[in-house]
Amino acid sequence: MPTTAEARSSEETISLFKQYVIPNYTRTPISLVRGEGSYVWDAEGNRYLDLFPGWGCDIIGYTPPRLVRAIQEQAARLIHVPNTWHIEGQGEFAEFLCTRGFGKAFFCNSGAEANEAAFKLARLATSEKKYKIISFEKSFHGRTMAAVTATAQPKYHQGIQPLMPGFRYAPLGDLDAVRELVDDETCAVIIEPVQGEGGINVPADGFLQGLREICDEAGALLIFDEVQTGMGRLGTWFGYQHFGVQPDIMTLAKGLAGGVPCGALIATDAVAPSLRPGMHASTFGGNPLAMAAGLATGRTIEEDGLLDNCREMSDRFRAHLEPLVDELPIVRELRTCGLMIGLELTIPSKEIVAKCFERGLIINGTQDVVVRLLPALNVTAEQVDEGCEILTTALREAAEQV
Ligand SMILES: *Cc1c(COP(=O)(O)O)cnc(C)c1O
């Protein structure tokens with residue numbers, strides 16, 4: 001483990017960025033160099049409690065020992081071989097995912113890439129005239145051209161027109177609007193079971209079931225983008241199980257391999273064969289290193305009982321945060337589902353994010369006014385208490401200043 005003494009200072013790293021890294025991100029002026037569980041350290045040795053580790057990718061925390069060991073052992077044996085061979089770990093990880101979910105798996109490296117595969121598969125697996133795809137306002141499906149077109153938020157479409165043809169947008173929760181958009185050229189409806197970047201938006205009872213029925217009537221596929229909701233985030237292996245609605249395709253990434261780049265598409269046995277040899281590919285997809293990381297992540301979640309911990313810690317967050325809705329006028333609503341936690345405010349969430357950061361807590365702000373947490377599934381009760389205390393203090397302070 002590198003000690004902070006060996007690391008470049010944050011300032012040195014920032015100056016390299018200024019010279020050589022394309023400035024397409026807004027970055028906090030801090031270089032993070034080491035992590036353990038839900039804690040992370042910057043180059044100056046400051047420790048932070050991170051309730052948003054890796055945007056949800058570090059789903060079992062930073063440097064979980066079994067994941068580290070699995071990566072080390074696999075790296076020493078075989079890092080990469082192409083998909084022209086059978087890859088031991090790929091079969092094993094596919095089995096792990098599909099026996100806890102359904103169908104068959106295709107592996108890639110990211111959420112956007114998994115969604116691109118889903119769009120191609122939806123067009124391939126339905127009749128030839130079907131090509132239209134319906135998505136929802138405030139959705140987030142990634143930044144590649146089709147994925148960003150499916151992402152129904154104008155701010156992500158600025159300056160990159162023309163977008164991909166065939167995409168249509170419906171308001172979240174409006175089944176009638178979906179019914180009106182669906183026609184005999186519709187091949188799929190794509191939705192996040194719980195919207196993440198859109199502000200932790202949990203669908204109303206019956207909405208996902210309604211989409212299932214509309215898709216069945218129209219001969220269209222239902223795609224669940226589970227890049228954020230999958231891999232235990234909602235207290236079930238996959239979000240569709242929490243809601244009791246079976247999709248035809250689900251896409252996974254973010255926490256799938258505990259922070260090692262890895263994406264997947266899972267398709268039912270009926271749909272999967274439409275990706276015939278040569279129809280789709282990903283050079284790095286499903287390589288031995290990523291598969292070893294995915295398996296170690298999955299086994300850790302299972303063996304450590306982290307689905308149970310997810311549900312328990314979700315309740316604990318609620319118990320801390322729910323009273324704030326009545327107490328503080330700046331807190332409009334609390335929305336939670338498993339360890340996806342959103343607090344909608346009446347003030348810019350970035351003020352709260354900054355106040356928490358000053359006190360050593362990392363959280364996220366999205367959609368201008370929503371505070372978002374995606375804690376690791378192995379976050380402890382003490383860490384939940386510590387984080388909620390800092391967040392509560394920051395909110396009370398901000399409420400006084402309004
Ligand atoms: C993050 C995210 C994506 C995009 O994933 P990348 O790995 O950044 O391409 C897609 N869908 C959802 C729901 C996400 O949260």
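Glutamate 397 counts as partly exposed at 27% relative accessibility, where partly exposed lies between buried, under 20% relative accessible area, and exposed, over 50% (1.4 Å probe, protein chains only). This is a predicted model, in which local features need pLDDT of at least 70 and side-chain atom pairs count only at pLDDT 80 or more, while totals for chains, interfaces and linings use all residues. Residues are numbered from 1 along each chain as its sequence is written, and side-chain values use heavy atoms, with hydrogens and water left out.

**Salt bridges**

- The structure holds 20 salt bridges, each being a side-chain nitrogen of Lys or Arg within 4 Å of a carboxyl oxygen of Asp or Glu.
- Glutamate 397 pairs with lysine 355 in one of these salt bridges, with the closest N and O atoms 3.0 Å apart.
- This pair links distant parts of the chain, since glutamate 397 belongs to helix 12 (residues 381–401) and lysine 355 to helix 11 (residues 349–358), 42 residues apart; helices (H or I, at least four residues) and strands (E, at least two) are DSSP runs numbered from the N terminus.
- Lysine 355 is buried, with a relative accessible area of 13%.
- Salt bridges that share partners join Arg332, Glu333, Arg335 and Glu344 into one network.
- Within that group, glutamate 344 forms a salt bridge with arginine 332, the closest N and O atoms lying 3.0 Å apart.
- That pair also links distant parts of the chain, with glutamate 344 in strand 12 (residues 340–345) and arginine 332 in strand 11 (residues 331–337), 12 residues apart.
- Glutamate 344 counts as buried at 16% relative accessibility.
- In helix 10 (residues 306–327), arginine 318 and glutamate 322 are 4 residues apart and therefore separated by about one helical turn, and their side chains meet in a salt bridge (2.6 Å, N to O).
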